[in-house]
Amino acid sequence: MVNGPPHFTESTVFPRCPSWSEDEIICARNVNNEVHFFENNNFGSKGAPSFVRLYQYPNFAGPHAALANKSFFKADKVTMLWNKKATAVLVIASTDVDKTGASYYGEQTLHYIATNGESAVVQLPKSGPIYDVAWNSSSTEFCAVYGFMPAKATVFNLKCDPVFDFGTGPRNAAYFSPHGHILVLAGFGNLRGQMEVWDVKNYKLISKPVASDSTYFAWCPDGEHILTATCAPRLRVNNGYKVWHYTGSVLHKHDVPSNAELWQVSWQPFLDGIFPAKRITYQAVPSEVPSEEPKVSTAYRPPALRNKPVTNSKLHEEEPPQNMKPQPGNDKPLSKTALKNQRKHEAKKAAKQEAKSDKSPEVAPPPPPQSTPRNPVSQASSGDPEVDRKIKNLRKKLKAIEQLKEQAAAGKQLEKNQLEKIQKEKVLLQELEDLELGI
């Protein structure tokens, strides 16, 4: 029997992990032989920015030795994606919770940092989660898939300027071919497996095959063939794999018996340069595998509407692909606001032409007006701080209105003042256009 006070280990009295009092008001934590107490879940000063720094090995002598430094807010964790030449990195910063309540996925931002010291925020014109980001093997451009469904996909250059916008669609992944001349946008997981195969040299759609229930995707090192598979444990039924040509033909198919599971499938690796890039073809290559047309499920219609004509109402307005490269003689592509206004003006012109043709049936209708690109609205500073401040405030208000509209489309009940904000969108757009055109 030992007399004297009881003995405790350090981990018993002061655990290194946080420990709360019963009323959850006080929290204690052991840090380097010290006990830190926190009250009311206030664990430190807020507002300190996060940062990412690039260093040249082995020179790590503090912040002044960094090749590049990028600081940002709203980041609980980051994902870093280096390009093939290791000259730049894309940083996806994310928070677990979106304090605005607009997204279940939290908040995400995309940042660009290069070893030459350049850094920028990649401006994504549609709010929502960032599903995927992929570098082209050329290391000169990257593709981001982002925004609430239907998601947008955009290719950016190293200046973080949009090069091509693929519009909206059911997609959540992007895969560049090994030679970088073909891009596949796909919707896997909870989507139905639709793929869009694009020629990224000419930005033309090659094919739109469907690989339902796919859990795995991989380009063959030859840059011509694609492998999709349904594997366990993600899915334990209908396991198997398919080998596709990028033109949409299934060249080989293997189904696993119902009493077995497929756990992994992969291409044989080859060194870079073994397979030279070939000219892109748009004609589907012949195949001996019978084609399987995907089953198209019809939308449910209540009994009261089954004998009535089907209306073409859509929950979301689809955005078509558009080239974002600067036109000859222009420095920058059209801004988002300018593109919207351009489409409105073209629609008005078309409506006027149609009205004239209706009023004068005996006169042959004039040919449709050629769509000529408008001069881009510059994003540069006007030189007038007051004008710049007004433009910044207008863009902020329009972004808030866009978020409110998406919340309403998702079924959220908006308050009266929020509905009044949405009604002011046209006025704000016109005011912004007038200010930007004056720059």
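**Entry 1: a term to start with**

I call it a salt bridge when a side-chain nitrogen of Lys or Arg lies within 4 Å of a carboxyl oxygen of Asp or Glu. With that in hand, I looked up Lys253 and Asp255, and their side chains do meet in a salt bridge, at 3.8 Å from N to O.

**Entry 2: the whole protein**

A reminder to myself before going on: this is a predicted model. I looked up the secondary structure and found five helices and 22 strands. The protein has 439 residues, and buried ones make up 32% of them. I then turned to contacts with a separation of 6 or more, where residues 24 or more positions apart account for 42%. For the surface, I noted that the protein exposes about 28,800 Å².

**Entry 3: the core**

Which residues touch the most other members of the largest nonpolar core? I found Cys143, Val155, Phe166, Ala174, Leu183, Leu185 and Tyr203, out of 16 residues in this core. The elements that give two or more residues to the core are strand 11 (141-146), strand 12 (151-157), strand 13 (162-169), strand 14 (173-176) and strand 15 (182-186). A general point I keep beside this entry is that nonpolar side chains in soluble globular proteins tend to be buried together.

**Entry 4: a pair between strands 12 and 13**

Next I went through the other salt bridges; a search of the whole structure finds seven. One of them joins the side chains of Asp165 and Lys152, with 2.7 Å from N to O. This pair links distant parts of the chain, since Asp165 sits in strand 13 and Lys152 in strand 12, 13 residues apart. Are these two side chains' residues buried or exposed? Asp165 has a relative accessible area of 4%, so I list it as buried. Lys152 is buried too, with a relative accessible area of 4%.

**Entry 5: a pair between helices 3 and 5**

I then looked at Lys405, which forms a salt bridge with Glu425; their closest N and O atoms are 3.1 Å apart. Here too the pair links distant parts of the chain, with Lys405 in helix 3 (residues 385-409) and Glu425 in helix 5 (residues 425-437), 20 residues apart. Lys405 counts as partly exposed because its relative accessibility is 37%. Glu425, on the other hand, has a relative accessible area of 15% and is therefore buried, the cut-off being under 20%.

**Entry 6: His245**

I found His245 in strand 20, which covers residues 240-245. At 5% relative accessibility, His245 is buried. Its side chain makes a polar contact of 2.8 Å with the side chain of Thr247. What does His245 contact once I leave aside its neighbours within four places in sequence? My list reads Glu224, His225, Leu251, Thr281 and Val285.

Ile25, Ile26 and Phe37 make a nonpolar surface patch of about 280 Å². I placed Ile26 in strand 2, residues 26-31. Ile26 counts as partly exposed because its relative accessibility is 34%, and a patch takes residues with over 30% relative accessible area.

Terms used. Residues are numbered from 1 along each chain as its sequence is written. This is a predicted model: local features need pLDDT of at least 70, side-chain atom pairs count only at pLDDT 80 or more; totals for chains, interfaces and linings use all residues. Side-chain values use heavy atoms; hydrogens and water are left out. A nonpolar core is a set of buried Ala, Val, Leu, Ile, Met, Phe, Trp, Tyr and Cys residues joined through side-chain atoms within 4.5 Å. Buried means under 20% relative accessible area, exposed over 50%, partly exposed in between (1.4 Å probe, protein chains only). Helices (H or I, at least four residues) and strands (E, at least two) are DSSP runs, numbered from the N terminus. Contact means heavy atoms within 4.5 Å. Accessible areas come from the Shrake-Rupley method with a 1.4 Å probe; for residues, only the protein chains shown count as cover. Patches are made of residues with over 30% relative accessible area and no salt bridge: like charges are joined within 9 Å, nonpolar side chains (Val, Leu, Ile, Met, Phe, Trp, Tyr) within 5 Å. A polar contact is a pair of N or O atoms within 3.5 Å; within protein, one must be able to donate a hydrogen and the other to accept it, and residues adjacent in sequence count only if both atoms are side-chain atoms.
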